[in-house]
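Dear colleague,

Please find below the structure that I am handing over to you. My notes on what was found in it follow directly after.

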Amino acid sequence: MGLPLLVFTTGGTSGARYPSSMMIDATTGGMMAVLNSGIPSIVLQPTIYLENLLPGFLTPQLKSEGVLNYPPLPDTMKVTWTSHFDQARVAVAALTRPDLAGQHFEIGTPAPLTGGQLAELLSGWVDRPVSFAPQSPAELGAQVADAFGNPGMGHMLTDMYGALAKMGDDDMCIDTRQIEETFGVTLSTVEEHIKSWGKAAAAA
């Protein structure tokens, strides 16, 4: 018996509208492979994951100094983040929509934010004023390479964020209302997700 429906997530930024980079080209290639596999499939394309802020290796100065230096993008650029929880909501709903097979959808969490707006929301989480001072893509890559002992990972992130940083201020925004209407879901805002993290996480 064949698989009736596959819901696949690219796990990162993907699609022809984004600049070429090793990671974006790879996720886009994976998306096309799934859609051309002959298996009825729906592909979800998340943006930057909001939960990247939780482990600390990407934001080492956030809790100690009140400085948010991630993502390494211009401070005027608005980003539609994606929470894993919202991705899960869409994925579960997609499993009931075989009529959408063969299509791909950019997904995200409502309310795109500049780095400064995100920093303001995070100030309540860490109980101190937070300012946005983005590092360069190369600095992020070096930081990640050092944290994981993996220069290749660092190089790929430098390449990806260097490509994204060249986009327009609104090019990382996604119309999440269309996703809610298509899949019949209600997505939470970034502010609501951050409030759900709780103070214990901030103190960890």
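**The largest cavity**

The residues lining the largest cavity are Pro71, Leu73, Pro74, Met77, Val79, Trp81, Leu113, Thr114, Gly115, Leu118 and Phe132. Please bear in mind that this is a predicted model. The volume of the largest cavity is about 50 Å³, and a search of the whole structure finds one cavity of 30 Å³ or more. Sorted by class, its lining comprises nine nonpolar and two polar residues, with no charged residues.

Proline 71 belongs to the loop between strand 3 (67-68) and helix 3 (84-94).

For background, most residues other than glycine have a negative phi, and most peptide bonds are trans.

**The largest pocket**

The largest pocket has a volume of about 350 Å³. It is lined by 18 residues, of which Met23, Asn52, Leu157, Met160 and Tyr161 are the closest to its centre. Two or more lining residues come from each of helix 1 (22-35), helix 5 (137-148) and helix 6 (151-164). Helix 6 provides the largest share of the lining, namely four residues. By class, the lining of the largest pocket holds twelve nonpolar and six polar residues, and no charged residues.

**Helix 5 against helix 6**

Helix 5 and helix 6, both of which contribute to the lining of the largest pocket, also meet one another. Their axes come within 7 Å and cross at roughly 160°. Because angles over 145 degrees count as roughly antiparallel, helix 5 is roughly antiparallel to helix 6. The crossing in which helix 5 passes helix 6 is right-handed.

On the side of helix 5, the residues in contact are Pro137, Ala138, Leu140, Gly141, Val144, Ala145 and Phe148. On the side of helix 6, they are Pro151, Met153, Gly154, Leu157, Thr158, Tyr161 and Gly162. The residues of this contact divide into ten nonpolar and four polar, with no charged residues. Leu157 and Tyr161 take part in the contact and are also among the residues closest to the centre of the largest pocket.

With kind regards

Conventions. Residues numbered from 1 in each chain as written. Predicted model: local features only at pLDDT ≥ 70, side-chain atom pairs only at ≥ 80, totals over all residues. Heavy atoms only, no water. 1 Å grid on protein atoms, 1.4 Å probe; cavity = no way out; pocket = protein on both sides within 12 Å on 5 of 7 lines; lining within 4 Å. Points joined across faces, edges and corners; volume = space filled by probe spheres on them. Nonpolar A, V, L, I, M, F, W, Y, C, P; charged D, E, K, R; others polar. Axes fitted to C-alpha atoms, helices over the stretch in contact; angles between N-to-C directions. Parallel < 35°, antiparallel > 145°, perpendicular 65-115°, else oblique. Left-handed = near helix turned anticlockwise from the far one by under 90°. Contact = heavy atoms within 4.5 Å.
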